[in-house]
Structures are given as structure tokens and as C-alpha cells.
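Please read each point with the sequence and the model in view.

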Amino acid sequence: MTNSLTQAPKAVKRRNGLALLPKHAPGMKIGLLGGSFNPPHEGHRLASLIALRRLNLDCIWWLVTPGNPLKQNSDLPALATRLQACKKLAHHPAIFVSGVEAEIGTRFTYDTLHYLTQRCGSVDFVWLMGADNLASFHRWHRWREIADLMPLAVIDRPNSTLRATHSRAALYLEKYRRDEGDSALFAKAQTPALMFLHGPRSQQSSSALRARQAKARV
């Protein structure tokens with residue numbers, strides 16, 4: 001998701017004035033996994049399947065950002081290219097790929113999630129992130145207020161557990177941490193709420209894949 005001061009993409013105006021969202025209905029429990037997905041990989045899919053099962057979610061939306069300003073975006077492939085790659089990789093009836101952030105013209109994760117909670121007030125959303133993202137979560141715009149919007153589920157990632165659990169955001173949210181044994185009820189938890197989910201871990205990462213692709217082009 002976008003978290004900086006770069007110019008926001010121009011919002012897409014639809015006939016009814018609303019951006020197109022994936023399948024949702026009142027009472028559904030939906031996980032949100034945001035990122036550049038540059039490129040998407042099996043780690044994204046594995047984390048989604050763990051959250052889907054453990055949190056008893058109805059579905060998961062992959063929110064593909066136009067660009068994350070906390071990262072270098074000069075070589076970022078077009079949004080349409082990444083959306084297509086995500087759809088090909090996800091290949092699961094309960095994982096939906098969305099470019100809604102570009103459609104509504106938001107710059108920050110907080111603004112995107114605030115839009116979704118206002119638009120889908122009867123849906124129980126859970127924000128999903130890898131442990132590597134929790135380590136830098138305190139750098140995100142209005143990160144404490146993101147935690148107020150919806151429960152935060154952190155999926156363990158290789159070589160990230162120690163940094164994540166000792167990060168500024170994790171220490172702040174420690175008093176709101178829920179036991180992993182209560183994961184099936186977590187989507188309806190009162191916020192702020194934090195939970196760590198453990199399970200099979202993928203060694204793949206977008207940065208490693210990009211480095212491998214760059215080396216292959218030399």
C-alpha cells in the first residue's frame with residue numbers, strides 16, 4: 001500500500017460514483033493483503049491461505065498499490081501488469097485481486113482502509129501483513145489509526161520474527177495482542193487487536209526475485 005508523499009493517482013469515476021470492489025456482503029469476514037506485488041510470489045499465496053483458514057475468513061482481497069513510496073518505484077511495472085500477474089498466481093476461488101487504491105485515488109493505506117470501512121460498514125475486515133512489514137509499520141502514515149480501523153493479523157516470515165516482535169509498533173500493540181488459539185474469532189475482535197499467525201513459511205520474497213531477474217538480464 002502507498003505510504004508517502006508522492007502524487008496520488010487520479011481517481012476513476014464510474015457511473016454510480018463508486019469504485020468497483022470485489023465480492024462482498026454484510027456479515028462477511030474479509031482479509032486485506034496490500035502491497036506492490038512486484039512480483040507476486042508463492043509467499044503471498046501461502047500467507048493468504050494460512051489467514052483464510054486460521055481466521056475463518058470468507059475471502060481475501062489482494063490490494064495492489066500503484067506504488068509504495070517507502071520503496072524505490074522507478075522500475076515498478078505498470079499496475080495492469082502486476083494485477084494480471086497476481087490473478088494468475090492467486091488461482092483460488094476465495095482470493096480476489098483489486099486495484100481499488102488507484103480507482104479511488106488514495107495515497108496512504110489509512111485512507112484506503114478508511115474508505116473500505118465506510119463503504120462496507122457491515123463487513124468485518126482484517127488487515128494482513130507479513131512480519132517483515134510489521135517491523136517497519138511505525139513508519140506508515142497514521143499507523144496507530146490503522147490499528148483502530150480493523151484487527152491486524154501478522155503472518156510469520158523467515159528471518160523476520162525477532163525484528164517484528166521487538167519493533168516499535170509491536171511494542172505499542174503488545175497490550176492488544178490476542179492469543180493465536182482464538183484466531184477463528186479474531187475478525188470480530190474489538191480494535192486495536194493484534195495477532196501473530198504461525199505456519200508453513202515460504203523463503204520467496206519479491207526483492208530476491210527482482211534481484212534474480214536482474215542478474216539473469218546481465
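**Notes on a predicted model**

1. Helix H1 is followed by Asn56, whose phi is positive, near 55 degrees. This value, like every other in this note, comes from a predicted model. The helix itself deserves attention before the rest of the chain. With 13 residues at 1.5 Å a residue, H1 should span 18 Å, and its end C-alpha atoms are 18 Å apart, which agrees. Several of its residues are buried, namely Gly43, His44, Arg45, Ala47, Ser48, Ile50, Ala51 and Leu52.

2. The overall composition may now be stated. The chain has 9 helices and 6 strands. Of its 218 residues, buried ones make up 51%. Among contacts between residues at least 6 apart in sequence, 80% join residues at least 24 apart. The points below give individual examples.

3. Which residues have the most contacts inside the largest nonpolar core? They are Leu32, Leu55 and Trp62, in a core of 63 residues. Strand S2, residues 59-64, gives the most to this core, with 6 residues. The surroundings of Leu55 can be listed in detail. Leaving aside neighbours within four places in sequence, Leu55 is in contact with Lys29, Ile50, Val126, Leu128, Ala153, Ser183, Ala184, Phe186, Met195 and Leu197.

4. Val97 belongs to strand S3, residues 95-98. Is Val97 buried or exposed? Its relative accessibility is 17%, and the limit for a buried residue is under 20%, so Val97 counts as buried. In sequence Val97 and Leu83 are 14 residues apart, while in space their C-alpha atoms are 6.8 Å apart. When neighbours within four places in sequence are set aside, the contacts of Val97 are Trp62, Val64, Leu83, Cys86 and Lys87.

5. The aromatic residues should be examined next. A search of the whole structure finds 7 aromatic pairs. Trp61 lies in strand S2 and Phe125 in strand S4, residues 124-130, so the pair ties together parts that are 64 residues apart in sequence. Both partners are buried: Trp61 has a relative accessible area of 0%, and Phe125 has one of 4%. Elsewhere, ring pairs link Trp127, Phe137, Trp140, Trp143, Tyr172 and Tyr176 into a cluster.

6. How many salt bridges does a search of the whole structure find? The search finds 4. One of them joins Arg54 and Glu180, with the closest N and O atoms 2.8 Å apart. This pair links distant parts of the chain, 126 residues apart: Arg54 is in helix H1 (residues 42-54), whereas Glu180 is in the loop between helix H8 (168-173) and strand S6 (194-197). Arg54 counts as partly exposed at 23% relative accessibility, and Glu180 is likewise partly exposed, with a relative accessible area of 22%.

7. Two further salt bridges may be described together. Arg142 pairs with Glu145, the closest N and O atoms being 2.6 Å apart. Arg142 is partly exposed at 34% relative accessibility, and Glu145 is partly exposed at 32%. The side chains of Arg177 and Glu174 also meet in a salt bridge, at 3.9 Å from N to O. This distance counts because the limit for such a pair is within 4 Å. The relative accessible area of Arg177 is 38%, which makes the residue partly exposed, and Glu174, with 42%, is partly exposed as well.

8. A final point concerns the cysteines. A disulfide is a covalent bond between the sulfur atoms of two cysteines. How many disulfides does a search of the whole structure find? The search finds 0. Cys59 is buried at 2% relative accessibility, and Cys120 is buried at 4%.

How values were computed. Residues numbered from 1 in each chain as written. Predicted model: local features only at pLDDT ≥ 70, side-chain atom pairs only at ≥ 80, totals over all residues. Heavy atoms only, no water. Core = buried A, V, L, I, M, F, W, Y, C linked by side-chain atoms within 4.5 Å. Buried < 20%, exposed > 50% of the residue type's maximum accessible area, 1.4 Å probe, protein only. Helix = DSSP H or I, 4+ residues; strand = E, 2+ residues; numbered from the N terminus. Contact = heavy atoms within 4.5 Å. Disulfide = S-S within 2.5 Å. Expected span 1.5 Å × (residues − 1). Phe/Tyr/Trp six-rings, centres within 6.5 Å; stacked < 30°, edge-to-face > 60°.
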